[in-house]
2 protein chains.
Amino acid sequence: MVIAVDAVGGDLFPENPVAGGILALQEKKDLKILFAGPEGLIREELKKHNYDEDRVLLIDAPEIVTMEDASSTPLKSKKNSSISVGLKAHKSGDASAFISAGNTGALLAASTLILGKLDGVIRPTIAAIFPTIKGPGLLVDAGANLELKSEMYFQFAKMGTIYAEEIMGLKSPKVGLLNIGEESEKGCEIHKEAYQVLSKLDNFYGNLEGKGVMTGKADIFLTDGFTGNIMLKFGESIPETLKQLIENTAREMKISDDQKKLVFQILAKTMEQFDYQQFGGVPFMGVDGVSLVGHGGSSPLAIKNMILNASQCVEHDLNDKIVSSLNS
Amino acid sequence: MVIAVDAVGGDLFPENPVAGGILALQEKKDLKILFAGPEGLIREELKKHNYDEDRVLLIDAPEIVTMEDASSTPLKSKKNSSISVGLKAHKSGDASAFISAGNTGALLAASTLILGKLDGVIRPTIAAIFPTIKGPGLLVDAGANLELKSEMYFQFAKMGTIYAEEIMGLKSPKVGLLNIGEESEKGCEIHKEAYQVLSKLDNFYGNLEGKGVMTGKADIFLTDGFTGNIMLKFGESIPETLKQLIENTAREMKISDDQKKLVFQILAKTMEQFDYQQFGGVPFMGVDGVSLVGHGGSSPLAIKNMILNASQCVEHDLNDKIVSSLNS
């Protein structure tokens, strides 16, 4: 299996994408990596690593889409960017998947346009892993579609369910609709409509309040991309803010250095669950291909996990399962 | 000053409202409490307490609005409820303010209808205290208005600013508009419009992502009541879920009981900032009167703090300041 990797996506490139790709080769022996990006830059970076040359491919893409570029950039002004070239390599069959830690908006637009949508999909979506006391949950939509129609809630619930089952290994995941109260008539008109449509699903939990997320009342947290994106980034800020708050308390309480060390060890271990790196990245669900995006700050470890995650999406025939579910 | 207290609001009544009222009398010597609720029930409860009888008044309100009742209940089917009777006592001048730990929707509707709106106010709103690493912030709207027009964002920003300055003691509080990115063109149409209108304010920070809330990038977090309510309840769930997560870690790491005790002491102290009890409750801003609502689970301490908070709103002429700000 060949996975195309955006060598110039994220905050630290080509270092992290290249290092992550090499790590993935070490972990999964039947894998090849196709790096997309400025060829000279990649070749130079590869010199720092030991690897099996037969398993590393290159495709030249001299242009770089920055984090500040508009979503349309890979499609309009930078058609020779790693995003455009890498996705086209996947589309043509030269790679089974494409991963990037680059500009999410640009990746979503390019993935949708270059790969196309799966049969029956209204709009592709992006999910995010969200920690709960019962283990990782899935937040959909995490920012791709700011306003949803009720049918989109329905499709996102189905796609999220398949991802949760196949890739996250959750058994019988429950879908909760984020709302201001649990009763069916809560929320705006769109939430009442969505509730009705979602009621057709066997695994619909019902409405879920904000306090039901981290307590893990459901496994899949369904919401519009506006609320979802704010929730996601709020959640991501918890480990660091908590550390600062606890540091203040430790100072006030004048605890010893040894005690402080222990407290921070426990906190760090607890917060591992909030660490996006272990999940690497998430796919754009609903596109006719396997395209994953990771955090801009993705470490080599995160890139490696994103590549392995992509290979799982391929091996589990995620898209075939999505199509059958949507058209059943 | 007389403060009317809903004796049958919240999860544990009349115990907590009555105990909270008596606590407030002990702390603030120029205060009288007017309990509204079923007279016999209140008289029986008062027997458990020592208090100055001249400072405790009663107004009979035999009906009780439950947490499950519709918002219109105090106005339609239960006109003799503590909410209706208490608010009318405030409207007529028998009390300077009204507080309740009861049904928020019913309190908002009854406060708006019985007290009326302040001059120039489109819609009253409700705010919530939200902890940040820089101290308490203010989240507006916390659930009163699920969808906003841009002028409402503007008014809520102004009302929130006055509350933050006068009651929370914040100097030059900054208003941030919750959004999916900091750039002015981010979000749905309504957020772009709101951004333009808010730009007229001297204390507008700009757009704020979810990660900017707990890091305290602004003091006032402006959003629609749908997103605000989900954020609020999510935030409220942090202390308890964190405790459970850390307990799991402590078990895994097999730390000693003494060490565990220390860790939980530090955590508990840190989480005091997330404790709604210290703030007691928040006013419906924009109504022509002083009406505060607290958490259903309000303890006597929370009720006491809500009463003192109400007296501050009166003493600071909060509403006069809101009217001048909105009409300036």
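In this predicted model, helix α1(A) passes helix α11(A) in a right-handed crossing. The two helices, residues 15-27 and 300-315 of chain A, have axes that come within 7 Å and cross at roughly 55°. At that angle α1(A) and α11(A) are therefore oblique to each other. On the α1(A) side, the contact draws on N16(A), P17(A), A19(A), G20(A), G21(A), L23(A), A24(A) and E27(A). Facing them from α11(A) are P300(A), L301(A), I303(A), K304(A), I307(A) and L308(A). Sorted by class, the residues of this contact come out as 9 nonpolar, 3 polar and 2 charged.

As background, most residues other than glycine have a negative phi, and most peptide bonds are trans. Against that, F13(A) and P14(A) are joined by a cis peptide bond, with omega at about -5°. P14(A) sits in the loop that runs between β1 (2-6) and α1 of chain A. Another cis peptide bond links V140(A) to D141(A), with omega at about 0°. Here the setting is the loop between β6 (135-140) and α5 (150-166) of chain A, where D141(A) is placed. Then there is D317(A), which is not a glycine and yet has a positive phi of about 50°. D317(A) belongs to the loop between α11 and α12 (318-326) of chain A.

Turning to how the chains meet, 49 residues of chain B are in contact with 49 residues of chain A. The size of an interface is often given as the accessible area lost when the parts come together. For chain B and chain A, the area buried between them is about 4500 Å², with 81% of it on carbon and sulfur atoms. The count of salt bridges between the two chains is 4. One salt bridge pairs the side chains of K233(B) and E209(A), at 2.4 Å from N to O.

From α9(A), the contact takes in L242(A), L245(A), I246(A), T249(A), E252(A) and M253(A). The α9(B) side supplies Q265(B), I266(B), L267(B), K269(B), T270(B) and M271(B).

Methods. Residues are numbered from 1 along each chain as its sequence is written. Chains are lettered from A and ligands numbered from 1 in the order in which they are written. This is a predicted model: local features need pLDDT of at least 70, side-chain atom pairs count only at pLDDT 80 or more; totals for chains, interfaces and linings use all residues. Side-chain values use heavy atoms; hydrogens and water are left out. Axes are lines fitted to C-alpha atoms, for helices over the stretch in contact, and angles run from 0 to 180 degrees between N-to-C directions. Helices (H or I, at least four residues) and strands (E, at least two) are DSSP runs, numbered from the N terminus. Angles under 35 degrees count as roughly parallel, over 145 as roughly antiparallel, 65 to 115 as roughly perpendicular and the rest as oblique. A crossing is left-handed if the near helix is turned anticlockwise from the far one by less than a right angle, and right-handed if clockwise. Contact means heavy atoms within 4.5 Å. Ala, Val, Leu, Ile, Met, Phe, Trp, Tyr, Cys and Pro count as nonpolar, Asp, Glu, Lys and Arg as charged, and the others, Gly among them, as polar. Buried area is the accessible area (1.4 Å probe) that two parts lose on being put together, summed over both.
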